[in-house]
Structures are given as structure tokens and as C-alpha cells.
Amino acid sequence: MVQILEFEREIFALETQIHDLVSLSNMYDSVGDITDEITKLKKKLRRMKHDVYSNLKGWDKTLVARHPDRPHMLDYIKNIFSDFYELHGDRHGGYGPSIVAGLAKFGDQSVMVVGHQKGREMEEKIARNFGMSQPSGYRKALRLMRMAEKFSMPVITFIDTPGAYPGVDAEEKGQSEAIATNMFSMIQMRVPIICVVIGEGGSGGALAIGVGDRILMLEHSVYSVISPEGCASILWEDKNKTGQAADALCLTANHLLKFEVIDQIVREPLGGAHRNHKQAAIRLKKALRTNLAELREIRPDELVRLREEKFRKMGEVVEASA
Amino acid sequence: MSWLDKIIGKKPTKDEDLWVSCKKCKEQIYVSELEDNLKVCPKCEYHFRLDARQRIQMLIDPESFIEHDQNLTSPDPLKFKDTKKYKERMRATIKKNQTNDAIIAGSGVMEGISVELAVFDFSFMGGSMGSVVGEKITRSIERAIENHVPIIIVSCSGGARMQEGIFSLMQMAKTSSALQKLSEKKIPYISILTDPTMGGVSASFSMLGDIILAEPGALIGFAGPRVIEQTIKQKLPKGFQRAEFQLEHGLIDDVVHRKDMKSTLVRLLNMLQNTPQEEPKEEEKIPKLTNPPEVLGA
């Protein structure tokens with residue numbers, strides 16, 4: 001069962017109409033030739049999808065980014081890489097199931113892929129803790145990124161998390177320290193790092209695998225310091241004000257590109273990545289290939305210097321008149 | 001009321017100006033007595049929140065503090081507005097606090113040791129970190145590198161500042177990145193955590209100190225206790241996320257009483273900087289082995 005978002009209702013209705021017409025004409029010859037009619041409707045559908053999806057506001061984007069059918073990290077792995085071999089554990093007593101990491105082939109090149117996995121069915125969701133990682137997940141990610149550095153492999157990270165897990169055990173095991181250490185370490189890795197926000201970029205839990213040479217965002221993904229719900233309940237003291245909060249937070253890919261926080265937006269198939277996993281993966285693969293090719297030309301020293309420079313520039317300050 | 005006011009005879013008019021109730025033991029304390037005791041309850045040792053200026057006074061030798069970057073302010077890049085405009089909130093806070101943002105940074109001397117010091121000001125929007133806080137911390141770190149002096153950061157913050165959105169988040173990466181450079185130069189960084197040190201502040205530079213000290217009872221953590229309670233639907237154990245709890249869980253080096261903070265810092269900095277800087281002279285060098293040593297049992 002496909003989940004329909006509020007703003008998709010009209011699209012869905014038209015899709016159903018087209019589908020019905022097609023099956024009708026296939027079933028009964030007496031319907032006559034309605035190819036023209038169907039073509040016209042299909043054109044209308046494309047236009048409608050385009051109009052709706054190119055004007056999504058912050059909260060709508062958040063819903064698309066969290067869409068249950070949206071491709072997850074493992075879907076991209078399947079469609080982009082070959083010979084993926086998952087590696088496990090942080091080597092300090094933690095398994096870290098919310099983050100998946102392992103070796104893979106990108107074309108003829110070995111790479112390390114790391115990313116949040118939210119889980120699709122309920123059982124997997126629970127096993128993955130809905131993509132909210134414990135410190136062990138971040139430490140596993142760091143361990144494997146260090147391995148990538150050792151063997152001169154590029155790192156590709158997939159960001160898709162509501163945030164780092166807020167739990168007692170997470171705090172006891174040093175959630176803050178794990179996130180901080182990842183950023184501290186990723187900044188100086190002597191291999192190319194590409195980070196892609198594929199769904200939800202939830203605050204520190206996202207940034208913990210989000211320091212790299214290129215930051216890409218899928219067209220309908222979001223990236224924010226706090227969730228619209230969290231922001232609404234703190235600043236508006238009303239958790240229903242998610243629309244206003246999402247707008248105020250400027251969490252869309254367009255905003256972040258304008259702010260120069262990200263480097264590139266990867267277009268999604270018409271109507272969102274959840275409508276065509278394969279097509280979404282093909283587009284991302286193309287973007288990854290171009291970026292990797294560029295980064296491979298840069299010497300490690302220079303790579304680190306440019307990365308440091310990139311993050312040094314983040315932020316907006318002005319000198320007030322004293 | 002400060003001791004100076006007492007001497008010049010400025011009379012408080014209301015009872016609450018004279019007395020304050022300890023938040024922990026409920027003891028009634030003379031405000032002047034509390035001030036003289038570095039804002040620590042004389043009965044139960046509860047550490048009241050300390051103003052940034054008072055903190056600097058407590059740590060730095062008199063008249064040695066030179067403030068930097070005090071005019072940096074946020075241009076409000078998101079044009080953020082909730083029930084009120086961020087610009088207006090900020091204008092009001094700046095006027096009230098006489099500071100431009102939630103941190104004071106500068107250079108100073110601690111018993112003869114030159115240091116860079118950055119101190120959070122909780123009264124400025126909960127000590128939240130936006131671009132200005134991140135920039136001032138980064139510049140402090142860069143000054144520490146340039147002048148080859150240790151850096152001390154005193155955190156007191158609810159976390160990242162929502163009103164600057166993604167820019168606030170990126171300050172975590174920016175400050176952590178600057179600390180990597182500092183670390184490569186082997187310059188000491190001591191992080192002091194005071195009540196509270198939460199969210200994006202704890203999940204970046206605060207937890208990256210070569211040495212991490214905390215004041216007694218300080219709340220330290222990534223997620224706030226309320227958020228955790230809502231998530232796990234359980235009451236939290238007593239003392240959860242307090243400094244002593246974090247010490248027990250191996251996340252900080254020590255819990256230090258406010259009155260001992262300066263002497264502890266001086267002691268630690270002296271030890272950290274006592275390493276020989278110069279190459280040993282030729283004759284002192286251990287001669288290279290010409291033959292490989294015998295393999296010892298593993």
C-alpha cells in the first residue's frame with residue numbers, strides 16, 4: 001500500500017484515472033481508440049507532478065524526506081555499488097545497528113560506504129532503532145573510515161536520520177564524545193569523502209558522518225539543526241506549528257545550496273525518489289562518479305587543506321559598530 | 001549585591017536582594033556571603049551559575065585580560081521569526097547583557113602562564129551557539145596556535161542556537177576542525193564544563209579537551225533529560241547526566257570545586273608544558289644500534 005501525502009492527493013487521483021482508462025481500453029475493444037485521451041492525461045499528470053514537486057515548502061519536503069517508501073541507504077547500495085560487503089562492530093563492545101558500513105566496488109574502484117539505515121518493515125525499524133544511532137554506530141563508522149584511509153579508499157556517506165538516539169545508555173556511553181570525535185577525525189582524513197543527505201539530515205546525528213569534501217543533497221531531502229517538531233515545541237510552545245518551524249529553519253536543499261553549506265543538489269525522479277528507486281539511484285550514481293573523479297585528482301595534503309578551509313568558512317557574522 | 005556596594009553603603013530595599021535561597025539545600029544565604037564564596041553555597045557546596053565576567057575574574061590574573069572580537073554579531077542569515085523576530089530578541093538581549101553574543105573570548109595570564117580563554121555567558125539566550133559563538137571559539141583556537149599558548153574554554157550552554165538553523169549546526173564542525181589543527185601543534189586544550197553543557201556544544205569542542213574538567217553537579221550531556229524521558233517513557237535515575245555521573249562513566253577527567261579551579265588549571269598546564277621543546281644535543285642522543293637487537297619473547 002502506497003502512502004499518499006496530503007499534497008499528492010490530486011496526483012494520485014489522476015494516476016488512478018489513467019490506470020483505469022488503460023486497463024479499460026485493454027479489456028474492451030468497444031471502448032475504441034482512446035490513446036490520444038490517455039496521452040493527454042499523462043501529459044497533464046507530468047505537468048501536475050512538476051508543479052507540485054517544484055513548489056514544496058519545508059514541511060512538505062520533510063514529509064517526503066521521511067516517506068516510508070523513500071529509498072534507504074541499502075537501496076542505494078544495491079543500485080549503485082557492486083560487491084558490497086558489510087562490516088560490523090565498533091570493537092569496543094558495540095554493534096551499532098543504526099549505521100551500516102562496509103566495503104564496496106564503485107565501478108572498478110574500492111570504496112568504503114557508511115550510512116544511516118532507518119529500516120523498512122517494523123521489525124527492521126526496531127532492529128535499526130529507526131536510524132537513530134547509539135555512540136557505537138558512530139564509533140563503528142569512524143573505525144571503518146580510518147580503515148578506508150589506511151587503504152587509500154574514498155569514503156561515501158549516506159545521511160538519513162531523525163537524529164542521534166536520546167537514551168540513557170547512549171548518554172552513558174558518550175553520545176556527545178562520539179559525535180565530536182567523528183567530526184574531529186573526518187576533517188583530516190587523507191582520502192576523498194563525499195557525504196550525501198538522502199532523506200533526513202537530523203542535527204548532530206547527521207553531522208557525525210557529515211564532514212567531507214563534497215556535501216550533496218537529494219532534491220527533496222532536508223538537513224537541519226533541529227526537527228520542525230522539536231523547534232515548534234520549544235519556540236512556539238506548540239508542537240503543531242511544524243509548518244512555520246520548517247519554513248523558519250530553512251532546511252531545504254535549495255536553502256542550503258544558497259547558504260553554501262552544501263555543494264550540489266541531486267535531482268530526484270519526478271514526484272520524488274520514492275516513486276522510482278532505480279532512477280533515483282542512477283542520478284545519484286552519476287553525481288558520485290563526477291565528484292569522485294574530481295577529488296581523485298587532488299593530492300591528500302591539498303584535500304585536507306581544502307576541507308579545512310571549507311568548514312572554516314561556515315557561518316555568518318558581522319562586525320557591529322562599537 | 002557586591003562587596004563594593006556594601007562598602008559604599010548602597011542599601012538594598014527588598015528582602016530578596018539581601019537573601020537568596022539555595023536551590024539544592026534551601027538554606028537562606030546572604031547574597032554578599034554567596035558572592036564572597038564564589039557563588040557556592042557555604043552549606044551544601046551547590047554551585048550557582050557564575051556570570052562570564054565573574055568567571056574570567058576568578059581565573060585570570062588581575063588586569064591581564066584582553067578581550068577579542070567583542071563586536072562580532074549575527075546578521076540573522078535566516079531572517080528567523082517565531083512568535084517574535086530573532087533580530088528583536090537579540091537586540092533586547094544585547095541591550096540587557098551589554099555583550100553582543102553568548103561568549104566572551106580573550107587573552108590573559110594565569111599565574112604567569114599566558115592562555116587564550118573563552119567563557120560562555122548563559123544569560124545570553126541560554127548560552128546557545130550560533131555563528132558568532134562558533135567564530136569566536138575558532139578564532140581563539142587560531143590565536144592559541146599563532147601564539148603557541150594553551151586554550152581554556154568554559155562551556156555553559158543549552159546547545160546549538162535554533163534561530164540560526166544550519167549555520168549553528170555547522171559551528172560544531174568548524175570548531176572541531178580548528179581543534180584538530182591545535183592538536184597537531186601539540187598545544188594543550190582544557191575544557192571546563194559547567195551547568196549546563198548540552199547538545200551541540202557538548203557534542204563538539206566541549207568533549208574534545210585534552211583534559212576535561214567539570215564543576216560539581218553540572219548537567220552534561222547530548223540530549224536533555226526531558227527529551228530522554230519522553231523517548232524512553234521512564235523516569236531518569238537520580239544524578240543522571242550530572243558531573244559525578246559522567247566521571248563515573250569515564251567521560252570526563254575530574255570534577256573540580258570552583259575554589260580549586262584556577263590552581264588545578266595552573267598545575268595541569270605547568271605539567272603539560274613541561275615537555276622539552278628542543279632537540280637533544282648530539283652527545284645526549286642514544287646511539288643507533290648497528291646490529292638488530294635480539295628478538296625478545298613476545
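This is a short chat about chain B in a predicted model, covering its two domains and its interface with chain A.

Biologist: How is chain B divided?

Modeller: Chain B is split into domain 1, residues 1-48, and domain 2, residues 50-273. Taken over C-alpha atoms, the centres of these domains of chain B are 26 Å apart.

Biologist: How many residues are in contact between them?

Modeller: Seven residues of domain 1 of chain B contact eight residues of domain 2 of chain B. About 680 Å² is buried between the two domains, with carbon and sulfur atoms giving 52% of that area. On the domain 1 side, Leu38(B), Lys39(B) and His47(B) lose the most area, together 69% of what that side buries.

Biologist: And how many salt bridges or polar contacts are there across that interface?

Modeller: The rule finds zero salt bridges there, but seven residue pairs in polar contact.

Biologist: Switching to chain A. What area is buried between it and chain B?

Modeller: About 4,600 Å², of which carbon and sulfur atoms give 71%. In that interface, 58 residues of chain B are in contact with 49 of chain A.

Biologist: How many salt bridges there?

Modeller: Three. One of them joins the side chains of Arg312(A) and Glu135(B), at 2.9 Å from N to O. The rule also finds 13 residue pairs in polar contact between the chains.

Biologist: Which element of chain B gives the most to that side?

Modeller: α7(B), with 17 residues. By class, the chain B side has 27 nonpolar, 23 polar and eight charged residues.

Biologist: Which strand of chain A is joined to β4(B)?

Modeller: Strand β9 of chain A, residues 318-319, runs antiparallel to β4(B), with two bridges joining them. Val318(A) has Thr73(B) as its bridge partner.

How values were computed
Residues are numbered from 1 along each chain as its sequence is written. Chains are lettered from A and ligands numbered from 1 in the order in which they are written. This is a predicted model: local features need pLDDT of at least 70, side-chain atom pairs count only at pLDDT 80 or more; totals for chains, interfaces and linings use all residues. Side-chain values use heavy atoms; hydrogens and water are left out. Domain bounds come from an automatic or database domain assignment. Contact means heavy atoms within 4.5 Å. Buried area is the accessible area (1.4 Å probe) that two parts lose on being put together, summed over both. A salt bridge is a side-chain nitrogen of Lys or Arg within 4 Å of a carboxyl oxygen of Asp or Glu. A polar contact is a pair of N or O atoms within 3.5 Å; within protein, one must be able to donate a hydrogen and the other to accept it, and residues adjacent in sequence count only if both atoms are side-chain atoms. Helices (H or I, at least four residues) and strands (E, at least two) are DSSP runs, numbered from the N terminus. Ala, Val, Leu, Ile, Met, Phe, Trp, Tyr, Cys and Pro count as nonpolar, Asp, Glu, Lys and Arg as charged, and the others, Gly among them, as polar. Two strands pair if DSSP finds at least two bridges between them.
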